[in-house]
Amino acid sequence: MSPFVAVSTLYIAGNDGDYATGDGKSYIKFTLPDLKAGDMVTGGELYLYQFPGEYGYDSSNADGSLQVNAYRVKESWSASSIINQSYSSAPSTYTTVADYFNASRVSSETRRRLDLSRIIKVWYG
């Protein structure tokens, strides 16, 4: 596997309309294990935790929901190329949503799931 495929990336975005930029972005980099002969990717999931109140989603939207989308990133990147810079320097993503969940207000820590099976299978191509 090439280093670019072995270290693959996911982009997660949500939009609740409360911020001037209209969205929040996170980039996550994974180091993938090598597959041995006969190994097969059957699926992959990412779990995120949503927290209530001050440190979690607490939108004033009428329906109280926020859609969080996962996208595959097109190019290699480093944290230093994004940190403390505008997202205009962030790597581009494919427009197809790999998976999403609708986050609504929560009163306790809530686990959210994204199915990344299709992205992972592409990474192992």
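Leaving aside neighbours within four places in sequence, Arg 118 is in contact (heavy atoms within 4.5 Å) with Val 97, Ala 98 and Asp 99. Arg 118 belongs to helix α2, helices being DSSP runs of H or I with at least four residues, and strands runs of E with at least two, both numbered from the N terminus. With a relative accessible area of 58%, Arg 118 is exposed; the classes are buried under 20%, exposed over 50% and partly exposed in between, for a 1.4 Å probe and protein chains only.

The model is predicted: local features need pLDDT of at least 70, side-chain atom pairs count only at pLDDT 80 or more, and totals for chains, interfaces and linings use all residues. Residues are numbered from 1 along each chain as its sequence is written, and side-chain values use heavy atoms, with hydrogens and water left out.

The chain contains two helices and six strands, arranged along the sequence as α-β-β-β-β-β-β-α. Of its 125 residues, 34% count as buried. Among contacts between residues at least 6 apart in sequence, 69% join residues at least 24 apart. The accessible surface of the chain, computed by the Shrake-Rupley method with a 1.4 Å probe, comes to about 8,000 Å², and carbon and sulfur atoms account for 50% of this area.

Helix α2 spans residues 117–124, and its buried residues are Ser 117, Ile 119, Ile 120, Trp 123 and Tyr 124. Seen down the helix axis, these residues fall within an arc of 160°, so they line one face of α2; the arc is that of the directions from the axis to the C-beta atoms. Just after α2, Gly 125 takes a positive phi of about 20°.

The largest nonpolar core has 15 residues. A nonpolar core is here a set of buried Ala, Val, Leu, Ile, Met, Phe, Trp, Tyr and Cys residues joined through side-chain atoms within 4.5 Å. The residues with the most contacts inside the largest core are Phe 101, Leu 114, Leu 116, Ile 119, Ile 120, Trp 123 and Tyr 124. Two or more residues each come from β4 (65–72), β5 (99–104) and α2, and α2 gives the largest share, four residues. Another core, of five residues, lies apart from this one and includes Tyr 27, Val 73, Trp 77 and Ala 90.Two aromatic pairs were counted, a pair being two rings of Phe, Tyr or Trp (its six-membered ring) with centres within 6.5 Å, and planes under 30 degrees apart counting as stacked, over 60 as edge-to-face and the rest as tilted. The ring centres of Phe 30 and Trp 123 are 5.9 Å apart and the planes stand at 45°, so this pair is tilted. The pair links distant parts of the chain, with Phe 30 in strand β2 (residues 24–31) and Trp 123 in helix α2, 93 residues apart. Phe 30 is partly exposed at 23% relative accessible area, whereas Trp 123 is buried at 8%.

Charges also sit over rings, the criterion being NZ of Lys or CZ of Arg within 6 Å of the ring centre and within 35 degrees of the ring normal. Arg 111 lies over the face of Tyr 47, at 4.1 Å from the ring centre, and the charged end of Lys 74 sits over the ring of Tyr 94, 5.3 Å from its centre.

Tyr 49, in strand β3 (residues 45–50), is partly exposed, with a relative accessible area of 44%. Not counting residues up to four places away in sequence, Tyr 49 touches Glu 109, Thr 110 and Arg 111.
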